[in-house]
Amino acid sequence: MSNPPEWTSRQFSEALFDLDRSGFAFEFLRRNEEYRADYRRHQRSPTGSDISAPQFATKWGLVFPG
């Protein structure tokens, strides 16, 4: 996960207006420290951390196509 751009910049605030609902949700989640910590734990663990992938997705409201 890359570091998010400076959220107070004019360029960033203008870009937010072009996002659809899922894009805005992604921008919100990637700035959430608890989500970022859960994501790192989930990615590092061979078993997907202490929760399964469906539980992780449900906790954070994620929906994956396919």
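Colleague: Helices here are DSSP runs of H or I with at least four residues, numbered from the N terminus; which two have axes that cross at roughly 170 degrees?

Modeller: In this predicted model, where local features need pLDDT of at least 70 and side-chain atom pairs pLDDT 80 or more, they are helix H3 (residues 33-44) and helix H4 (residues 53-60), whose axes come within 12 Å. Residues are numbered from 1 along each chain, and side-chain values use heavy atoms, without hydrogens or water. Axes are lines fitted to C-alpha atoms over the stretch in contact, with angles from 0 to 180 degrees between N-to-C directions.

Colleague: How does H3 run relative to H4, parallel or antiparallel?

Modeller: H3 is roughly antiparallel to H4 (angle over 145 degrees).

Colleague: Which residues make the contact?

Modeller: H3 contributes Glu34, Tyr35, Asp38, Tyr39 and His42, while H4 contributes Ala53, Phe56, Lys59 and Trp60 (heavy atoms within 4.5 Å).

Colleague: And by class, what is in the contact of H3 with H4?

Modeller: Five residues are nonpolar, one is polar and three are charged.

Colleague: Turning to rings, how many aromatic pairs are there?

Modeller: The count is three aromatic pairs (ring centres of Phe, Tyr or Trp within 6.5 Å).

Colleague: Which residues do ring pairs link into a cluster?

Modeller: Tyr35, Tyr39, Phe56 and Trp60 are linked in this way. Those four also belong to the H3 and H4 contact.

Terms used: Phe/Tyr/Trp six-rings, centres within 6.5 Å; stacked < 30°, edge-to-face > 60°. Parallel < 35°, antiparallel > 145°, perpendicular 65-115°, else oblique. Nonpolar A, V, L, I, M, F, W, Y, C, P; charged D, E, K, R; others polar.
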